[in-house]
Amino acid sequence: MPTDAFVILERLRCLRESDGTGHSEPYLWPVLLRIDDNTLNTEALVEATTLPSSRARIVIKSDMRAGETAPISPAVGALRSRFDDKLNIRQLVLVVALWEEDETPDNAVRAGHAAFNAALPLIVGESLLELQGAGTEQETEALIKAIKARVRDRVKAAIKGGLSGWEKVRVAAGTLNLDDELGSAFRRIADPAPQRFTLAFSVGNSDAYLIDARLEMRPVPGFDRCQAQVNAVRETQALVDSLEAEIRELQQQLRDASPADKPFINSEVRRLRNEDLAQAVAALDQARRGLNSCRARPGLLSSAGELAGSSVG
């Protein structure tokens, strides 16, 4: 049966902060990417679970200080992606950007968040073969760094595009303090299984924040991935049953029919049997073959390599 992968960001720990206007007001942009047999048969290669723009700026804790820990709201800390059953490849990539709330206008924050959600799966998909082929940890880290940089450029451009002319003047003059990115974490999970892990966010030369997280894998009870094929069999079977019942009814009428009516009834029985019923039986056979094929299908791809798991702050 299918399995839901739940990534739960539990708590944020502040190790060091040095916000120039006081203590910090951190917020998160998480994205969960799924890679499996199905996504690898699409142009994008990955499937993304993202937050809506209405949750782009939910502060985890106001006036957060070094040494403090705060729970992360499920509104921004819970992401789910579903794997079909009988897959050969099941992988996840979790990316979380950590921001410090300052004075960026809300519409510019939403524009940056939308760019983040759009750019990340696109750029990871474009880099997927390189990530698969990376031979060393250093090569992998270099690719992840390049992905982060490309996404960051898209986000900065979107935020700038969301500012008015006057707001841009204020930024240039130093009177409008835009939100700061405190870092991003990129974690790859091959063959997902229940686990706990920590994401690290660096500002300067040392880790400034940590996120404690966990991955849960929950089977989806009562779910049938072949439900569409099951419905097709039921519908065509119902049509066959209806036509056979109509034929039986006409044959019953034929016993008591007048000699003048019998030729019409006989021709109608022949038409129903040779045309309508024959077509319905053929459709039922096709529907059954489709259901059998779906039941027997192990996955859409037999192999596409493995991504080694890693975590880079």
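This is a predicted model: local features need pLDDT of at least 70, side-chain atom pairs count only at pLDDT 80 or more; totals for chains, interfaces and linings use all residues.
Figure 1. The cavity has a volume of about 110 Å³ and is lined by 14 residues, of which Phe-116, Lys-148, Val-151, Glu-181 and Ser-184 lie nearest its centre.

**Figure 2. Pairing of strands S6 and S7.** Strand S6 (residues 90-100) pairs with S7 in the antiparallel sense over ten bridges, and Val-96 stands opposite Ala-185 in S7. Eight of the eleven residues of S7 (residues 180-190) are buried, so this strand is largely enclosed by the rest of the structure.

**Figure 3. Salt bridge between Asp-179 and Arg-57.** The two side chains meet at 2.9 Å, N to O. Asp-179 lies in the loop between helix H4 (165-173) and S7, whereas Arg-57 lies in the loop between strand S3 (47-49) and strand S4 (69-71), so the pair ties together parts that are 122 residues apart in sequence. Both Asp-179 and Arg-57 are buried.

**Figure 4. Salt bridges of Arg-214 with Glu-10 and Glu-216.** The closest N and O atoms are 2.5 Å apart for Arg-214 and Glu-10; this pair links strand S9 (residues 206-219) with strand S1 (residues 3-14), its members being 204 residues apart. Arg-214 is partly exposed, with a relative accessible area of 22%, while Glu-10 counts as buried at 13%. For Glu-216 and Arg-214 the closest N and O atoms are 2.7 Å apart, and salt bridges that share partners join Glu-10, Arg-11, Arg-13, Arg-196, Asp-212, Arg-214, Glu-216 and Arg-218 into one network.

Technical notes:
Residues are numbered from 1 along each chain as its sequence is written. Side-chain values use heavy atoms; hydrogens and water are left out. Buried means under 20% relative accessible area, exposed over 50%, partly exposed in between (1.4 Å probe, protein chains only). Helices (H or I, at least four residues) and strands (E, at least two) are DSSP runs, numbered from the N terminus. Two strands pair if DSSP finds at least two bridges between them. On a 1 Å grid over the protein atoms alone, a cavity is a set of points where a 1.4 Å probe fits but cannot get out, and a pocket is an open set with protein on both sides within 12 Å along at least five of seven lines; lining residues have an atom within 4 Å of a point. Grid points are joined across faces, edges and corners, and a volume is the space filled by probe spheres set on the points. A salt bridge is a side-chain nitrogen of Lys or Arg within 4 Å of a carboxyl oxygen of Asp or Glu.
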